[in-house]
Amino acid sequence: MNLIQPVGRLQVLPERIGRLSELAYNLWWSWHPEAQRLFSEVDSVLWEAVYHSPVRFLNEVRRRSLDAAAERDEYVKLYDSVMSSFDKYLAARDTWYGTNHGDSEGPIAYFSFEFGLHESLPIYSGGLGVLAGDHVKGASDLGVPMVFVGYLYPQGYFRQIINQDGWQEAEYPKIDFDDKPVLPAQTPDGREVIVSVELPGRT
């Protein structure tokens with residue numbers, strides 16, 4: 001079976017479903033249930049165990065599960081349908097913003113301390129983050145040229161567990177960015193983007 005190089009640090013995938021890695025790094029999947037099915041139908045138990053995180057899922061899924069999915073007609077049909085919708089979404093020029101406002105002079109900057117995009121990326125804790133996350137998704141769907149700026153926290157909100165005595169305990173897991181849909185921004189020549197901020201007496 002032919003293989004295709006993935007995005008990021010993911011394992012090499014079967015060529016027939018190789019764009020799963022591209023999809024995993026684009027949060028479009030987070031508000032399209034049919035896209036989430038592409039991962040859950042490969043291994044539903046693992047999908048639940050990794051808290052619906054496609055990047056982590058593709059890091060941990062067994063190769064034989066991927067190979068089996070790539071050979072199932074029903075799965076391949078779903079894959080083709082989802083990827084067709086994904087490609088149309090990315091290529092769309094007739095968005096609400098484009099139709100009503102045409103070309104703009106530049107993107108709109110949106111700053112927030114947190115963005116509630118999906119449970120697998122725990123860089124939010126409440127209402128502010130959920131609202132900001134909805135603005136991200138809405139702007140994307142409407143074609144509004146926006147750049148969202150915030151913090152990529154190394155530790156997310158706590159995860160509650162109940163111990164064997166019935167008491168609540170809080171776990172604060174450190175975020176492993178190799179398992180998250182995040183990649184460094186790069187300049188056209190492949191260097192990591194570094195932004196300097198002027199503060200009183202220092203940069």
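Leaving aside its neighbours within four places in sequence, which residues is Ser30 in contact with? They are Gln36, Leu117, His118 and Lys137, where contact denotes heavy atoms within 4.5 Å.

The model is predicted; local features require pLDDT of at least 70, side-chain atom pairs count only at pLDDT 80 or more, and totals for chains, interfaces and linings use all residues. Residues are numbered from 1 along each chain as its sequence is written, and side-chain values use heavy atoms, with hydrogens and water left out.

**View 1. Ser30 in the loop between α1 (20–24) and α2 (33–40).** Helices are DSSP runs of H or I with at least four residues, numbered from the N terminus. Ser30 has 11% relative accessibility and is therefore classed as buried (under 20% relative accessible area; exposed is over 50% and partly exposed lies in between, with a 1.4 Å probe and protein chains only). The backbone oxygen of Leu27 is reached by the Ser30 side chain at 2.7 Å.

**View 2. Tyr51 in the loop between α3 (44–49) and α4 (54–60).** Although Tyr51 is not a glycine, its phi is positive, at about 55 degrees. Most residues other than glycine have a negative phi. With a relative accessible area of 37%, Tyr51 is partly exposed.

**View 3. His52 in the loop between α3 and α4.** His52 is not a glycine, yet has a positive phi of about 60 degrees. Is His52 buried or exposed? His52 counts as buried because its relative accessibility is 19%.

Key
Helix = DSSP H or I, 4+ residues; strand = E, 2+ residues; numbered from the N terminus. Polar contact = N/O pair within 3.5 Å; in protein donor to acceptor, adjacent residues only side chain to side chain.
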